[in-house]
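Good morning, colleagues. Please take a moment to look at the sequence and the model on the screen; I shall then go through several of its features in turn.

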Amino acid sequence: MNNLSSRSTENQKDKITFTLPTKITGIVFWGMVLIGFLISVYVLNLKESELISNYEKQTAALVHELEALLDHEFQSNIAYDMRKVLLQDSLWLQEKYDIKAFEFSFGGERYVFGDIKPEFRSIKSSLHVKHDNYLEATIVVYMPGLKESIADLRKNMLLSIGSLVLLFGLVLQKILYRVLSSPFMNMVDSAEAFIQGETKVRFDESREDEFGYLSRFINRALTSLLKHQSELEKSKLDLFKEKERAEVTLYSIMDGVITTSDDGRIQYMNPVAERLSGWTNERARDIQINKVIKIVNEDNGERLKNPLEQCLEKNEISRPEGHSALLRADGEYTSIEVSAAPMRNIEGQVIGAVMVLQDVSHARNLTRQLSYQASHDALTGLYNRHMFEDYLKIALVNVQAENRHHALLYIDLDQFKIVNDTCGHMAGDELLRQLGVLLKGSVRDGDILARLGGDEFGVLLENCPVDMAGKIADKIRQLVKEFRFVWQDRAFDIGASIGVVCINADNFEMSNIMSEADVACYTAKEMGRNRVHFYEPTDELLAEHHGLMHWANIVNDAFMANRLVLYKQPIKSLQGAGLERHCEILIRMLDEDGNIIQPGAFIPAAERYNLMSKIDRWVIRNIFTHLEKIEQIEGQQRIVAINLSGATLADDDLLDFIRATGREFEVAFNEICFEITETAAIGNLSKALYLIKELKKEGCRFALDDFGSGLSSFAYLKNLPVDYIKIDGSFVKDMVNDPIDRAMVEAITRVGHVMKIKTIAEWVEDEQTLAYLRDMGVDYAQGYYFGMPERVVKIKEL
Amino acid sequence: MTNRMYRGVLGALLLICLYFDFTWLMYGIITVLFFEGITSLIVPKLVDLFGRLVAPGSSFFEYKPEPCSVGSRFGFESERCWRLVVGSMLLVTYYYYDMLWFFPWFMGFAIFGAGLSGVCPVLLAIRWAGFK
């Protein structure tokens with residue numbers, strides 16, 4: 001008990017003021033005391049009645065015994081003394097019947113035995129006494145007082161019952177302590193030990209009573225609790241690690257991350273967000289997001305609603321449309337991509353939002369740069385052809401609907417090639433740059449000026465009637481004419497041929513307009529250059545030019561449909577056997593019906609529309625593929641000549657292509673001879689020189705085709721390290737009859753021999769010409785005299 | 001001396017008085033109870049003072065009052081109140097002993113039992129009524 005009450009705990013609430021056994025004992029005790037007293041009262045009342053009854057019975061018994069006694073004495077001794085008899089027996093009678101005193105009255109005599117006190121209870125009775133004869137006698141018996149008796153009875157009874165109750169209470173308390181308090185306090189001790197961290201402590205399960213049952217139950221609960229706690233600890237650890245990882249991730253990622261509460265107040269900013277916004281995490285905490293992150297439209301500078309606020313309003317991911325920029329605290333703008341998403345708890349309620357800011361300045365600058373490069377010409381800064389066509393498309397949209405009139409100028413420079421050839425590409429580029437500036441100043445604000453390619457420019461004149469377009473075109477022509485280009489002490493006059501096309505409700509097809517402009521420009525050139533020519537559908541010159549375009553389409557179709565075929569024509573040695581076997585590869589085209597089309601019909605169109613490079617590559621690849629089928633004779637050197645056009649020579653990738661293709665098909669380069677025309681070589685002199693030099697390293701040979709047709713053939717011959725000179729057929733064809741032609745052939749042959757260059761005469765058609773050539777020392781001859789061109793291989797076999 | 005011990009002694013004395021009809025002692029006890037209740041000089045305190053004089057440091061005489069009820073309505077101490085109540089009841093019931101003879105006996109046993117068990121319903125009721 002003392003243990004129990006003195007057990008101290010940290011908290012006053014934990015103190016047990018009245019233990020359970022004490023309470024039970026107290027209740028039982030008090031109850032028993034009360035019940036005991038009630039029983040006592042009841043029993044005492046009964047005892048009082050019983051006492052009175054006993055008194056009367058005792059008196060009656062006394063009277064009877066006295067009668068018997070006196071009668072016995074009288075019979076044995078007639079003369080007995082009644083008083084004496086009564087005196088002799090009064091004492092034992094008093095003791096026997098618990099009589100304090102009695103009074104006997106007989107025949108006027110009165111005898112008193114014992115001390116009579118006022119508190120004694122008296123009982124009067126009569127009896128028959130035989131004395132001489134039967135006489136009436138009266139007796140008064142004095143019993144102890146009822147009050148006194150009851151008091152004694154009370155004391156004894158109360159003391160007994162009280163003692164019993166007290167004893168019972170103490171025993172009960174002890175028993176209760178053993179069965180309740182002791183196991184209870186053991187459980188308390190176990191619980192306290194568990195609280196102190198001794199997790200292995202368990203409640204005593206050995207008892208078979210409710211405490212044992214409770215202990216087993218609690219132990220199971222503790223085991224479960226510890227298991228859950230362990231899992232919880234693990235979860236906490238995992239969660240902590242996850243949180244750390246998330247924080248480190250947020251700290252490390254390259255995007256700015258801002259988290260806010262559900263009312264838009266900033267809770268966290270990672271370092272990138274701090275850098276982008278110009279605010280620190282501490283300073284921005286609990287501040288409304290729109291006061292820290294101010295987003296504007298990058299294109300027009302308009303303030304945009306913060307996506308995080310929109311996200312919180314609509315409970316969905318939000319990102320502004322268009323290009324966004326962040327207005328920093330220092331007033332600077334940063335191009336950003338921004339998005340905001342709501343953060344939800346496990347019940348799906350929105351508990352805040354997260355905003356991600358990505359600095360896209362670099363990417364956006366690159367995009368701008370790429371966009372600029374995609375739409376502008378790098379050299380002049382003007383729009384390029386692609387952009388020009390886009391603007392043209394836009395302009396054409398409203399032509400028919402709104403009956404507008406536009407005009408398109410197609411400008412081609414007249415003397416550009418001379419500048420390029422004589423002063424190099426740098427000069428040509430500079431000329432184009434200066435002309436770009438000049439042209440820009442000559443058109444109206446809003447007119448679209450573009451470089452369409454090479455030395456071609458285009459001007460789109462929106463809402464411009466024909467006469468106005470003519471004036472502007474003429475003004476441009478005049479300006480270009482008056483422009484004098486100076487490069488390293490050399491001055492050049494430049495001209496411009498301008499084709500003009502009117503765009504109206506009758507003429508608004510994009511492909512037609514560009515084609516018509518090109519045709520008109522070409523016509524202007526054909527008509528003598530430095531002029532403006534308005535497109536006329538009935539123009540014969542234009543019709544001819546249309547023929548070229550028509551042929552270009554045919555060439556393209558044939559190319560796509562594999563209708564190009566290769567022929568070979570032998571080149572015979574005139575200086576005896578032992579020399580190499582030569583042949584020249586020629587190209588033909590088949591029409592849709594399979595008829596052969598001669599190169600004179602389609603090559604000009606292919607040259608005009610930049611198809612030659614493609615055709616030449618096709619030829620090279622197919623010759624390399626089927627080289628073994630061409631002029632292959634055991635023990636004799638073979639030379640296969642392939643023509644290269646001027647456009648192909650200008651192709652920067654041609655050298656790599658030839659090398660790669662040759663290696664692919666294991667071609668012996670010393671069997672390959674490339675023929676380049678004199679004009680093509682001169683037109684791309686630097687590139688031609690480089691190509692010849694590099695391919696000669698591989699073993700290739702070079703022939704200068706159509707030599708003599710140009711004006712300055714001999715001058716350039718010194719600079720071109722070719723192996724063969726092919727004398728232009730126009731000199732050879734009539735040399736028998738024309739002494740000048742014959743002299744030209746002879747001169748070329750001599751020069752070639754002096755320069756250790758072998759000569760080949762073209763167009764040899766008869767025996768007499770051949771004899772002249774042989775006499776002159778020409779090394780090789782080629783022409784119908786030796787045979788018609790033969791087909792090398794069917795195209796389908798390629 | 002604790003109040004619990006005091007109640008045990010007082011109960012025992014009451015039973016002795018009743019059993020042996022020590023009327024003078026009964027009235028003496030009633031007087032002491034009233035004295036304690038009125039003056040606050042309750043016997044455990046006096047025993048404590050006495051103990052300090054005769055046996056300093058002894059824990060037997062040391063008075064260990066129970067903590068007062070927090071938030072009580074009256075400033076009057078419950079122990080003093082208890083003594084006045086018990087004294088009054090004893091005086092009345094003993095004076096009319098013939099009629100209320102069982103009350104003094106009941107009180108004697110009850111107080112003695114309170115001393116043994118440590119639970120006194122009257123004291124609890126007094127505290128419940130708001131005495132500190």
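I begin with a salt bridge: the side chains of A:Arg663 and A:Glu698 meet at 3.7 Å, N to O. This pair joins distant parts of the chain, with A:Arg663 in helix H20 (residues 654–664) of chain A and A:Glu698 in helix H22 (residues 685–698) of chain A, 35 residues apart. Please bear in mind that this is a predicted model.

How accessible are the two partners? A:Arg663 counts as exposed because its relative accessibility is 53%, and the cut-off for exposed is over 50%. A:Glu698, at 27% relative accessibility, counts as partly exposed. Both residues belong to a network of salt bridges that also includes A:Arg659, A:Glu694 and A:Lys697.

Over all chains, the count comes to 38 salt bridges. Among them is the pair A:Glu313 and A:Lys305, whose side chains meet at 2.8 Å, N to O. A:Glu313 is exposed, with a relative accessible area of 54%, whereas A:Lys305 is partly exposed, with 41%. Another salt bridge brings together the side chains of A:Arg265 and A:Asp263 at 3.5 Å, N to O. Here A:Arg265 counts as partly exposed at 33% relative accessibility, and A:Asp263 counts as partly exposed at 41%.

I turn now to the largest pocket, which holds about 2100 Å³ of space. Which of its 46 lining residues are the closest to its centre? They are A:Lys417, A:Asp455, A:Glu607, A:Arg608 and A:Asn610. The lining divides into 18 nonpolar, 13 polar and 15 charged residues. Helix H15 (residues 510–526) of chain A provides the largest share of this lining, with 6 residues.

A further element of chain A is helix H17 (residues 599–608), whose buried residues are A:Phe602, A:Ile603, A:Ala605 and A:Ala606. Just after H17(A), A:Asn610 takes a positive phi of about 55°.

Finally, chain B. Its secondary structure comes to 6 helices and 0 strands, and buried residues make up 42% of its 132 residues. On the surface, B:Met5, B:Val9, B:Leu13, B:Ile16, B:Phe20 and B:Phe60 form a nonpolar patch with about 530 Å² of accessible area together. Of these, B:Phe60 is found in the loop between helix H3 (43–54) and helix H4 (78–95) of chain B. At 52% relative accessibility, B:Phe60 counts as exposed.

Note on methods:
Residues numbered from 1 in each chain as written. Chains lettered and ligands numbered in written order. Predicted model: local features only at pLDDT ≥ 70, side-chain atom pairs only at ≥ 80, totals over all residues. Heavy atoms only, no water. Patch = residues over 30% accessible without salt bridge, like charges linked within 9 Å, V, L, I, M, F, W, Y side chains within 5 Å. Areas by Shrake-Rupley, 256 points an atom, 1.4 Å probe, with all protein chains shown as cover. Salt bridge = Lys/Arg side-chain N within 4 Å of Asp/Glu carboxyl O. Helix = DSSP H or I, 4+ residues; strand = E, 2+ residues; numbered from the N terminus. Buried < 20%, exposed > 50% of the residue type's maximum accessible area, 1.4 Å probe, protein only. 1 Å grid on protein atoms, 1.4 Å probe; cavity = no way out; pocket = protein on both sides within 12 Å on 5 of 7 lines; lining within 4 Å. Points joined across faces, edges and corners; volume = space filled by probe spheres on them. Nonpolar A, V, L, I, M, F, W, Y, C, P; charged D, E, K, R; others polar.
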